[in-house]
Amino acid sequence: ATVIVLLFAVLVWRGLRIGVRAADPFGAYLALGITVLVATQTLVNLGVVTGLLPTKGLPLPFLSFGGSALLVTMLGTGVLLNISQDARV
């Protein structure tokens, strides 16, 4: 379980870096929004699993079964990768 949390932390860190280094403001806001979406979904799911939050029904990105959520997460990750291709160095 610790490895999964670490991997999500790396994903969020890289997403924030992509947002800061984006070539244009739209790409920066889009990257930050996608990153916040994945981070919030992860934190809510982990809070529900640990019993700190009431049940919400959000799947864990990339791992839990959720057809539309999985599709949106994968599309968002693809957009993040595209933004990182045009990022400032």
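1. Helix axes are lines fitted to C-alpha atoms over the stretch in contact, and angles run from 0 to 180 degrees between N-to-C directions. Two packed helices are described by the angle between their axes and the distance between the axes.

2. The structure is a predicted model, in which local features need pLDDT of at least 70 and side-chain atom pairs count only at pLDDT 80 or more, while totals for chains, interfaces and linings use all residues. Residues are numbered from 1 along each chain as its sequence is written, and side-chain values use heavy atoms, with hydrogens and water left out.

3. The protein chain contains three helices and zero strands, following the pattern α-α-α along the sequence. Helices (H or I, at least four residues) and strands (E, at least two) are DSSP runs, numbered from the N terminus. The C-alpha trace spans about 40 × 25 × 20 Å along its principal axes.

4. Helix H1 (residues 2-20) packs against helix H2 (residues 25-50) at an angle of about 160°, with the axes 8 Å apart. H1 and H2 are therefore roughly antiparallel to each other, a term applied to angles over 145 degrees. Contact (heavy atoms within 4.5 Å) involves, among others, Val-5, Phe-8 and Leu-11 of H1 and Ala-28, Ala-31 and Leu-32 of H2. The residues of this contact divide into twelve nonpolar, four polar and no charged. Here Ala, Val, Leu, Ile, Met, Phe, Trp, Tyr, Cys and Pro count as nonpolar, Asp, Glu, Lys and Arg as charged, and the others, Gly among them, as polar.

5. The axes of H2 and helix H3 (residues 67-85) come within 10 Å and cross at roughly 145°. Residues making the contact include Gly-27, Leu-30 and Ile-34 of H2, together with Ala-69, Val-72 and Gly-76 of H3. The contact of H2 with H3 comprises ten nonpolar, five polar and no charged residues.

6. Asn-45 lies in helix H2 and, at 10% relative accessibility, counts as buried; buried means under 20% relative accessible area, with a 1.4 Å probe and protein chains only. The side chain of Asn-45 reaches the backbone oxygen of Leu-58 at 2.7 Å. Leaving aside neighbours within four places in sequence, Asn-45 is in contact with Leu-58, Pro-59, Leu-60 and Ser-64.

7. Across the protein chain, buried residues make up 29% of the 89 residues. Of the contacts between residues at least 6 apart in sequence, 49% join residues at least 24 apart.

Conventions
Parallel < 35°, antiparallel > 145°, perpendicular 65-115°, else oblique. Buried < 20%, exposed > 50% of the residue type's maximum accessible area, 1.4 Å probe, protein only. Polar contact = N/O pair within 3.5 Å; in protein donor to acceptor, adjacent residues only side chain to side chain.
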